[in-house]
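Please consult the sequence and the structure alongside the text.

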Amino acid sequence: MILEIAQIEVKPGHEAAFEEGVGKATAVFRRAKGCRGLELHRSIERPTRYRLMVKWDTLENHTVDFRQSPDFQEWRSCVADHFAAPPEVEHTAVALTGF
């Protein structure tokens, strides 16, 4: 399992619209090959900063299958107008589990 973590800064005053856009885009992720779910977290200290966490079966499910699909463009059309800057994206794999 791969976890995509996208740090997204939104324009001040666009928080509600951005969250609504992500909500609309959940259908895009639901049908994406290898996507196992997502969570959107909003920073308490910096309320215009979000972290979108998406679980993928493989790295390629995100970087190839999703990014090269029309669904990626649909995702961007739901949220890109609210970005203050391009998202910072990284991928992680579990190194250790606890309780």
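**Briefing on the predicted model**

The side chains of Y50 and E19 are joined by a polar contact of 2.6 Å. A polar contact is a pair of N or O atoms within 3.5 Å; within protein, one must be able to donate a hydrogen and the other to accept it, and residues adjacent in sequence count only if both atoms are side-chain atoms. The model is predicted: local features need pLDDT of at least 70, side-chain atom pairs count only at pLDDT 80 or more, and totals for chains, interfaces and linings use all residues. Residues are numbered from 1 along each chain as its sequence is written, and side-chain values use heavy atoms, with hydrogens and water left out.

**Overall fold**

- The chain contains three helices and four strands, where helices (H or I, at least four residues) and strands (E, at least two) are DSSP runs numbered from the N terminus.
- Along the sequence, these elements follow the pattern β-α-β-β-α-α-β.
- The radius of gyration of the chain is 13 Å, which agrees with the value near 13 Å for a compact globule of 99 residues; this radius is taken over C-alpha atoms, and the globule rule is 2.2 Å times the number of residues to the power 0.38.
- The C-alpha trace spans about 35 × 35 × 20 Å along its principal axes.
- Of the 99 residues, 34% count as buried; buried means under 20% relative accessible area, exposed over 50%, and partly exposed in between (1.4 Å probe, protein chains only).
- The chain has an accessible surface of about 6300 Å², and carbon and sulfur atoms contribute 52% of that area; the Shrake-Rupley method with a 1.4 Å probe gives the accessible areas, and for residues only the protein chains shown count as cover.
- Among contacts with a separation of 6 or more, 70% are between residues 24 or more positions apart, contact meaning heavy atoms within 4.5 Å.

**Position Y50**

- Y50 lies in strand β3 and is buried, with a relative accessible area of 1%.
- Not counting residues up to four places away in sequence, Y50 touches A6, Q7, I8, V10, E15, F18, E19, L40, H41 and R42.
- G13 is 37 residues from Y50 along the chain, and the C-alpha atoms of the two are separated by 14 Å.

- E4 belongs to strand β1 (residues 2–9).
- Although buried, E4 has no salt bridge; R67, the nearest side chain of opposite charge, is 5.2 Å away.
- For charge, Lys and Arg count as positive and Asp and Glu as negative, while His and the chain ends are not counted.
- The side chain of E4 makes a polar contact of 2.9 Å with the side chain of W56.
- Residues up to four places away in sequence aside, E4 touches L52, M53, V54, W56, H62, V89, E90 and H91.
- H62 is placed in helix α2 and counts as buried at 2% relative accessibility.
- With residues up to four places away again left out, H62 touches E4, W56, R67, V89 and H91.

**Salt bridges**

- Side chains of opposite charge can pair when their charged atoms come close.
- The count comes to seven salt bridges, a salt bridge being a side-chain nitrogen of Lys or Arg within 4 Å of a carboxyl oxygen of Asp or Glu.
- E74 and R31 form one of them, with their closest N and O atoms 2.8 Å apart. This pair links distant parts of the chain, 43 residues apart: E74 is in helix α3 (residues 70–79), and R31 is in the loop between α1 (15–30) and β2 (35–42).
- E74 is partly exposed at 36% relative accessible area, and R31 is partly exposed at 46%.
- K33 and D65 meet through their side chains in a salt bridge (3.9 Å, N to O). K33 lies in the loop between α1 and β2 and D65 in helix α2 (residues 59–66), so this pair ties together parts 32 residues apart in sequence.
- K33 is exposed, at 57% relative accessible area, whereas D65 is partly exposed, at 30%.
- A further salt bridge joins the side chains of D57 and R36 (2.6 Å, N to O). Because D57 lies in the loop between β3 (49–56) and α2 and R36 in strand β2, the pair ties together parts 21 residues apart in sequence.
- D57 is partly exposed at 32% relative accessibility, whereas R36 is exposed at 54%.
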